[in-house]
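Biologist: Before I plan around this protein, could you take me through how its helices pack and what lines its pockets?

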Amino acid sequence: MSEKILQAYSSIRNANFVEAKKILTSALVFELNNDELLFAMNCCDFWIDVIARSESIGDHFERGEIFVDEWKSFQGFIRRKDKIFERTLFAVKVGIFSLALRHYNQAEERNKARKAKIQRGIGLCYKKLGEYETALVCLKEALSLKNDSASIIAEAADCYALCAKPREAKILFREAFFVDAQKIELDFLDSEEINCLVKIVEEKGYVGSELLEWIPVYGQLCGIFNVKRKLTQPEVAHLSRKIYAAETEMKNPSCQSKILIPRLINMYFWMIDFYVSAGKKTQEVNELLVRMKILDTEIYEIYVK
């Protein structure tokens with residue numbers, strides 16, 4: 001790799017994309033067919049535009065959020081490229097999440113809800129920068145302030161996995177997809193096991209909202225979500241109401257059945273686990289199994305084997 005590319009990567013890691021592009025442009029004169037140079041320039045163009053738009057925003061928290069949100073758009077941007085260079089992406093990741101972290105650290109907390117969002121942002125940045133233990137501390141604080149956030153639960157689970165704590169990771173991943181699968185942002189999850197599970201579900205042909213709902217179903221069937229906690233009685237009552245509401249909605253011909261079916265199956269899994277742990281292994285469980293079979297015979301047959 002030429003000295004100029006190394007200089008450009010140093011600028012990118014410092015989030016100085018304008019300077020990096022100047023260096024890359026000068027290097028391109030001598031290496032017109034260098035695909036890595038062209039890829040790095042495209043990445044610089046993307047983030048130069050984002051940073052320019054962010055400069056009109058005075059609130060540090062909102063500026064941090066812009067960089068985090070645009071990371072998802074950037075993932076889509078690079079997936080459309082014929083060639084991807086990991087060294088370039090690593091430099092970009094360091095630059096962007098270091099920049100976002102600086103803004104989150106300067107953000108005013110104001111109230112409990114905002115503090116939770118700030119701690120989530122700080123934790124996410126540290127996780128993306130490879131500082132997993134520090135990230136986990138921040139995400140656990142965010143959870144203590146907002147314990148019903150599926151995205152924070154999933155990111156904490158991801159950190160536990162990256163810290164080689166699989167039991168805690170599995171419990172929290174299962175919890176996150178149960179709380180609200182639609183709120184989980186897969187672009188921010190880095191641990192191997194969850195990404196292998198996502199790939200399994202993608203290979204079944206599911207994308208978007210459907211993909212998110214099927215992940216916990218296959219997590220159960222594949223034995224990945226195999227560490228479980230017992231529901232409390234209030235949680236069981238709440239789950240029963242959710243099941244009833246979803247089953248009622250399924251009767252509407254215009255319902256979103258492709259999302260409701262996997263969501264219901266996952267709720268059945270949780271309720272069956274509760275009945276089994278409570279020693280109720282006959283009628284209640286059998287009734288749920290019949291309802292599962294009606295929804296999806298294939299899933300039912302895999303589950304009961």
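Biologist: In this predicted model, which residues of H4 does H3 meet?

Modeller: The model is predicted, and the H3 side of this contact consists of Phe-39, Asn-42, Cys-43, Phe-46, Trp-47, Val-50, Ile-51, Arg-53 and Ser-54. By class, the residues of the contact of H3 with H4 divide into 12 nonpolar, three polar and three charged. The partners in H4 are Arg-63, Ile-66, Phe-67, Glu-70, Trp-71, Ser-73, Phe-74, Phe-77 and Ile-78.

Biologist: Are H3 and H4 roughly parallel or antiparallel?

Modeller: Helix H3 spans residues 35–54 and helix H4 residues 60–79, and their axes come within 11 Å while crossing at roughly 150 degrees. The crossing of the pair is right-handed. Because angles over 145 degrees count as roughly antiparallel, the relation of H3 to H4 is roughly antiparallel.

Biologist: Which residues of H3 are met by H2?

Modeller: Helix H2, residues 17–28, packs with H3 at an angle of about 155 degrees, the axes being 9 Å apart, and the two helices are therefore roughly antiparallel to each other. The contact of H2 with H3 has 14 nonpolar, one polar and two charged residues. From H2 come Phe-17, Val-18, Ala-20, Lys-21, Leu-24, Thr-25, Ala-27 and Leu-28, and the residues they meet in H3 are Leu-37, Leu-38, Ala-40, Met-41, Cys-44, Asp-45, Trp-47, Ile-48 and Ile-51.

Biologist: Is the crossing of H2 with H3 left-handed or right-handed?

Modeller: The handedness has to be stated for each pair, and for H3 and H4 the crossing is right-handed. Where H2 passes H3, the crossing is left-handed.

Biologist: How do the residues of the contact of H11 with H15 divide into nonpolar, polar and charged?

Modeller: The axes of H11 and helix H15 (residues 297–304) come within 10 Å and cross at roughly 30 degrees, which means that H11 is roughly parallel to H15. Trp-214, Val-217, Tyr-218, Gln-220 and Leu-221 of H11 make the contact with Ile-299, Ile-302 and Tyr-303 of H15. The residues of this contact divide into seven nonpolar, one polar and no charged.

Biologist: Which element gives the largest share of the lining of the largest pocket?

Modeller: The largest pocket, with a volume of about 640 Å³, is lined by 23 residues, and Gln-75, Arg-79, Leu-186, Asp-187 and Leu-189 lie nearest its centre. The elements that give two or more residues to this lining are H4, helix H5 (86–106), helix H10 (192–203) and helix H11 (208–221). By class, the lining has 11 nonpolar, three polar and nine charged residues. The largest share, five residues, comes from H4.

Biologist: How many charged residues are in the lining of the second largest pocket?

Modeller: The second largest pocket has a volume of about 200 Å³, and the residues that line it are Glu-65, Asp-69, Lys-72, Ala-116, Lys-117, Arg-120, Lys-146, Ser-149, Ser-151, Ile-152, Lys-183 and Glu-185. Two or more of these residues come from each of H4, helix H6 (112–128) and helix H8 (150–162). Divided by class, the lining has two nonpolar and two polar residues, and the number of charged residues is eight.

Key:
Residues are numbered from 1 along each chain as its sequence is written. This is a predicted model: local features need pLDDT of at least 70, side-chain atom pairs count only at pLDDT 80 or more; totals for chains, interfaces and linings use all residues. Side-chain values use heavy atoms; hydrogens and water are left out. Axes are lines fitted to C-alpha atoms, for helices over the stretch in contact, and angles run from 0 to 180 degrees between N-to-C directions. Helices (H or I, at least four residues) and strands (E, at least two) are DSSP runs, numbered from the N terminus. Angles under 35 degrees count as roughly parallel, over 145 as roughly antiparallel, 65 to 115 as roughly perpendicular and the rest as oblique. A crossing is left-handed if the near helix is turned anticlockwise from the far one by less than a right angle, and right-handed if clockwise. Contact means heavy atoms within 4.5 Å. Ala, Val, Leu, Ile, Met, Phe, Trp, Tyr, Cys and Pro count as nonpolar, Asp, Glu, Lys and Arg as charged, and the others, Gly among them, as polar. On a 1 Å grid over the protein atoms alone, a cavity is a set of points where a 1.4 Å probe fits but cannot get out, and a pocket is an open set with protein on both sides within 12 Å along at least five of seven lines; lining residues have an atom within 4 Å of a point. Grid points are joined across faces, edges and corners, and a volume is the space filled by probe spheres set on the points.
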